[in-house]
Amino acid sequence: EHTVPSQKTLSTSDRSFDSKGNEEGVLSDERDIATNVISVDDDASLNPWTIRAFFIGLGLSAFGGVLAEIYYFKPQTVTVSLMFLAVVSYILGVSMETFIPRRGLLRYLNPGPFNKKENAFIIIMASASANSALGTEVLAVQRLYYNITPNAVISVFLLFSSQLLGYGIGGMMRGILLYPSKMLYPGVLPLLSMFDALYEGGMAARKKLRVFSMVLAASTMIKHADRLNIFFWELFPEWIFPLLTGFSIFCLAAPNNATVSRVFGGSNGNEGLGLLSICFDWQYISGLVNPMVIPLKAQFSNLLGYIFCTVVFVAVYYNNVWKAQNFPFLSQLLFYENGTQYDQMLILNSNYEVDPTLLAEQGLPYYSSTWVVYLLTQNLASSPNGLGATFTHLLLWNRGDICSAWTWMNVSGIKNIWANFDWKFWQADGMRKQDVDDDDIDPHYKQMLKYPDAPNSWYFVVFLLAFVVALVVLYKTDSTLPWWGFLISLLLATISLLFLGALAAITGLTFTIQTFGQMIGGYVQTGSPVANMYFVLYGYNTVFQAQLLLRDLKIAQYAKLPPRAAFTAQIIGTLLGAILNYVMMNSIIDNQREILLSVQGTNIWSGQQPQMYNSQAIGWGGLSHELFSTGQRYQWVPWAYVLGLFVPVPFWVIHRYWPKLRADYLYTPIIAYITGYLFNGINSSSLCYFAVAFLSQWWLRTRHPGWFAKYNYIVGAALDGGTQIMVFILSFAVQGAGGTSHPFPTWWGAQTGGNYDHCLMLN
């Protein structure tokens, strides 16, 4: 699964403002925000255990789980907005409070005022569901490329086990990665700041909701100069007028030029780099992260990486590096040397393992060169356990954070963790014995001590059940991954979580170990691509799920949601989401199979994600020695881990001796990572992404600070929400997610049989 390291979440602005836009004071860091902006107070009388909370939570979980899987098969990685889920759950709760009578059976749906803890319960349940389970990626690859369709019951239990293993491990590490005050999780602070405003702002909160509703359904923009219906607007780029996905003057001027298509085209998946294209589809402008959220200073590294990416991709292709011109400019598939698509089944035996004799007959596969650049830059930028530019950058610039993340690693700390473990989980009362007068205790955590905890033994049982189910599934699905390989993947996940989880909690930086896990799995068990997929599933996905669990538990801590309510919400949301992910995956593959197998796909559906996962499994799992070892064709891909250690050093030296050059503004892992970021999908949105970031984080923030402080994040959530609701509806109504697709009749703005921006369709 393609994920991007997120920049360190900064405060909403360098200064806070009152409702008139006047400065109130400087908040120096996220710790100040956590203790001064987010409310520390708690009302223990508020009840999250209401039928209303379960009703809304299950509904939004179903919506998020289905939408997340739809987005998995889109030509660009898009996530379900947590901010949107928070605001929508609030609107639904207040609406039920307002319009449902409090008598008869209906009183259970309206027990009283909709409260903050109900809202937090709903958010956590929906958040746990609104992610595409990585297990569906394994199942999709098996269906698309191996003609294997595992039993439905076994498939669902595969998803359950792979999703819950991380919950078990992450839950048992709460004492290390959640409770200490330095574990801030700065990425959730804007959400909680808005969350508090909704419940403590009185009429101001209601006014924000009116703005949200207007932007969502009939957005009244600044000074009423423009009216934009984001909900209905999405009909145009998604169905009626798809040219709006990427409008390029260059494509219209030179529709038969291949170079123009590669550099300036970008309205369709894997078409081109989309340079200077104008995108009117908020789905792709917002994409993985809303441009209205990340401060402009942090966007500067993104912009440099984008410029470098364009230059590097063009240079590599037109200099024919790795025989680039034999293959499509952008692709995640495997190819023969002559450019035809590689048939991987011709090199595998009946056990889906590489047969050396068959491999000699077919020859080694090739990657498109831009895909190789992506692998290189990903390894340069981020990796687990202390390799690459990420570790060196943090060592040079954030040495204190790294040290503080490991202060628990001493004899007394380990003894304390062991002493608090209660094996008799069925008898655990959950009450924690701590000195509430200790000034070092996080003030939010101190408020939570009055509630029974979900003890470590509960999470251990979750881990144990998931572990047993995973072993059964591995042998029932012909995964070819032995039990000892499964244990190695879990060991890799546990060690990685200790390090990367602490960094994510302190700095807001999240990293992927997927490529590293594929490399380790490939060398641990060579010649077994299917085994490699399962190794990565239980290695990488365990870390990802553990970080999601810890993030959501921090939301619960900040919102003062009792731990056992948070535990219940997470388990229900995860299980429901996994089932819906599986159903949607099968439906989309049944109806869009040929598109998912094609190089380019369309601007609606794309198989880029399963293509990437399969190509990596063949490359690392089946042919790691032949393709990536020293002296082989792609030897610099693994060596990039080592080279990445030295990337941040020149910038640190420059800042130390010439601080006025502000080299500290440059985050080198992000620059390196984004240098390979345009390797797939729809790339027409980059110009508009940076334009919106500039408009929001510079013009509004500096010229209209009062408006920015009150409405910037609420408008961003509304734009995400209106878009995602319409994408959900269109996917089933006209785009074939549940059956036959109904494309809009062909016209100049909806060209079928070619690229929508009228650039040349390349073979």
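**View 1. Helices H15 and H31 are roughly antiparallel to each other.** Angles over 145 degrees count as roughly antiparallel, under 35 as roughly parallel, 65 to 115 as roughly perpendicular and the rest as oblique. This is a predicted model, in which local features need pLDDT of at least 70 and side-chain atom pairs count only at pLDDT 80 or more, while totals for chains, interfaces and linings use all residues. Residues are numbered from 1 along each chain as its sequence is written, and side-chain values use heavy atoms, with hydrogens and water left out. The axes of H15 (residues 296–318) and H31 (residues 686–703) cross at roughly 160° and come within 10 Å. Here axes are lines fitted to C-alpha atoms, for helices over the stretch in contact, and angles run from 0 to 180 degrees between N-to-C directions. Helices (H or I, at least four residues) and strands (E, at least two) are DSSP runs, numbered from the N terminus. The crossing of H15 past H31 is left-handed (the near helix is turned anticlockwise from the far one by less than a right angle; clockwise would be right-handed). On the H15 side, look for Leu296, Gln299, Asn302, Leu303 and Tyr306; on the H31 side, the contact includes Tyr689, Phe690 and Trp698. Contact means heavy atoms within 4.5 Å. The contact of H15 with H31 holds eight nonpolar, four polar and no charged residues. Ala, Val, Leu, Ile, Met, Phe, Trp, Tyr, Cys and Pro count as nonpolar, Asp, Glu, Lys and Arg as charged, and the others, Gly among them, as polar.

**View 2. Helices H3 and H32 are roughly perpendicular to each other.** H3 (residues 82–99) packs on H32 (residues 705–733) at an angle of about 90°, and their axes are 8 Å apart. From H3 come Met83, Phe84 and Val87, which meet Tyr713, Ile714, Ala717, Gly721, Gln724 and Ile725 in H32. By class, this contact has seven nonpolar, two polar and no charged residues.

**View 3. Helices H24 and H27 are oblique to each other.** The axes of H24 (residues 514–524) and H27 (residues 608–628) cross at roughly 50° and come within 9 Å. H24 passes H27 in a right-handed crossing. Among the H24 residues that meet H27 are Gln514, Met519 and Tyr523, and their partners in H27 include Tyr613, Trp620 and Phe628. The contact of H24 with H27 divides into five nonpolar, eight polar and no charged residues.

**View 4. Gln635 sits in the loop between H27 and helix H28 (636–643).** Beyond its neighbours within four places in sequence, Gln635 is in contact with Leu627, Phe628, Ser629 and Thr630. Its C-alpha atom is separated by 10.0 Å from that of Leu376, 259 residues apart along the chain.

**View 5. The second largest cavity holds about 110 Å³ of space.** A cavity is a set of points on a 1 Å grid over the protein atoms alone where a 1.4 Å probe fits but cannot get out, and lining residues have an atom within 4 Å of a point. Grid points are joined across faces, edges and corners, and a volume is the space filled by probe spheres set on the points. Of the 13 residues in its lining, Leu178, Tyr179, Met448, Leu553 and Pro563 lie nearest the centre. Helices H21 (443–448) and H25 (529–559) are the elements that give two or more residues to this lining, with H25 giving the most, three residues. The lining comprises nine nonpolar, one polar and three charged residues. Across the whole structure, the search finds 10 cavities of 30 Å³ or more.

How values were computed:
1 Å grid on protein atoms, 1.4 Å probe; cavity = no way out; pocket = protein on both sides within 12 Å on 5 of 7 lines; lining within 4 Å.
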